[in-house]
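Dear colleague,

Please find below the structure that I am handing over to you. My notes on what was found in it follow, and I would ask you to read them with the model open.

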Amino acid sequence: MKVFSLFATLSIAAAASMAAASVACAYNADDVSAVTNGQDRPGADLSNADLSGADLTGLNLTGANLSNADLSGARLERAVLTKANFANSNLKRAVFSEAQMTEANLRNVEAPFSYFGHAILAHSDLSDGNFFRADFRGATLTESTGASAVFQEATFDKANLSKSDFTFANFSYSWLFQSNLSESCFTGANLYEVNGAEIKAQKADFSSAKLGSARLTGGDFTEAVFEKAVLDKATLKGAVLKDVVWGTAFKEKAVF
């Protein structure tokens, strides 16, 4: 009986291992072949596929599953990626300029040095992702979430981040020149030494945010909230501060 029990246990373990291997290769080979040959493939299953360096410029991949895929160095300029799932994928140095990415899932992606210039990312989920030195200049991220994501040294010049949730996100040393942060939540976020000249941040919530040495000259912070925020050595010269809620904000050596 013990021998049979051991055999049964090993059989179950082997079956589980085979099932896991099957899941790891979940992509549809026909879908991979189609997209790598320049064909539109809405709803494609490209999960776990190796698409590193692939040219997917302008393709319609609406609703495609690209979770856990390797898209490092891939080109997706002007691609239609509405509701596409990129969760846990590798997007290092991938190019998404002018891509349509409304309601895209980019949770927990690895996307350092990626390029999203003028992409449409409204209603998208970027939470927990790594976007170190990524470029979002001119991008639209309205009503999105990037909670706990890393945007360190990223570029958001003239981007629209309004009505979004960036709770506990890391924007340290990032560029936010003339970006729109209005009505967005940056509670507990790290914005140390950001270059945020001329930003729009009406009704934005910076409660408990770290804004030490931040350059916020000429911005509009009408009705913004800075309760418990740290603004040590921050520069807000020429900024509009009408009806701002400072509460117990730390403003030692801040310049107004």
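Accessible areas come from the Shrake-Rupley method with a 1.4 Å probe. By that method, the accessible surface of the chain comes to about 11600 Å², and carbon and sulfur atoms account for 50% of this surface. Please bear in mind that the model is predicted.

The chain as a whole

The chain has 256 residues, of which 45% count as buried. Its secondary structure comes to 2 helices and 0 strands. Taken along the principal axes, the C-alpha atoms fill a box of roughly 75 × 50 × 20 Å. Among the contacts in the chain with a separation of 6 or more, 1% are between residues 24 or more positions apart.

The cavity

Rolling a probe the size of a water molecule over the atoms shows where empty space is left. A search of the whole structure finds 1 cavity of 30 Å³ or more. The largest cavity holds about 40 Å³ of space. Which residues line the largest cavity? The lining consists of Leu-176, Leu-181, Leu-191, Val-194, Ile-199, Phe-206, Leu-211, Leu-216 and Phe-221. These divide into 9 nonpolar residues, with no polar and no charged ones.

A buried serine

Ser-124 lies in the segment after helix H2 (29-36). Is Ser-124 buried or exposed? Buried means under 20% relative accessible area, and Ser-124 counts as buried because its relative accessibility is 2%. Leaving aside residues up to four places away in sequence, Ser-124 touches Met-101, Thr-102, Glu-103, Ala-104, Glu-143, Ser-144 and Thr-145.

The salt bridges

Side chains of opposite charge can pair when their charged atoms come close. The structure holds 6 salt bridges.

One of them joins Asp-31 and Arg-41, with the closest N and O atoms 2.7 Å apart. Asp-31 is in helix H2 and Arg-41 in the segment after H2, 10 residues apart. Asp-31 counts as buried at 10% relative accessibility, whereas Arg-41, at 26%, counts as partly exposed.

Another joins Arg-133 and Glu-153, whose closest N and O atoms are 2.6 Å apart. Both residues lie in the segment after H2, so the pair ties together parts that are 20 residues apart in sequence. Arg-133 is partly exposed, with a relative accessible area of 43%, and Glu-153 is partly exposed at 27%.

Asp-135 and Arg-137 also meet in a salt bridge, at 2.8 Å from N to O. Asp-135 counts as buried at 12% relative accessibility, while Arg-137 is partly exposed at 37%. Finally, a network of salt bridges links Arg-107, Asp-125 and Asp-128.

Yours sincerely

How values were computed:
Residues are numbered from 1 along each chain as its sequence is written. This is a predicted model: local features need pLDDT of at least 70, side-chain atom pairs count only at pLDDT 80 or more; totals for chains, interfaces and linings use all residues. Side-chain values use heavy atoms; hydrogens and water are left out. On a 1 Å grid over the protein atoms alone, a cavity is a set of points where a 1.4 Å probe fits but cannot get out, and a pocket is an open set with protein on both sides within 12 Å along at least five of seven lines; lining residues have an atom within 4 Å of a point. Grid points are joined across faces, edges and corners, and a volume is the space filled by probe spheres set on the points. Ala, Val, Leu, Ile, Met, Phe, Trp, Tyr, Cys and Pro count as nonpolar, Asp, Glu, Lys and Arg as charged, and the others, Gly among them, as polar. Helices (H or I, at least four residues) and strands (E, at least two) are DSSP runs, numbered from the N terminus. Buried means under 20% relative accessible area, exposed over 50%, partly exposed in between (1.4 Å probe, protein chains only). Contact means heavy atoms within 4.5 Å. A salt bridge is a side-chain nitrogen of Lys or Arg within 4 Å of a carboxyl oxygen of Asp or Glu.
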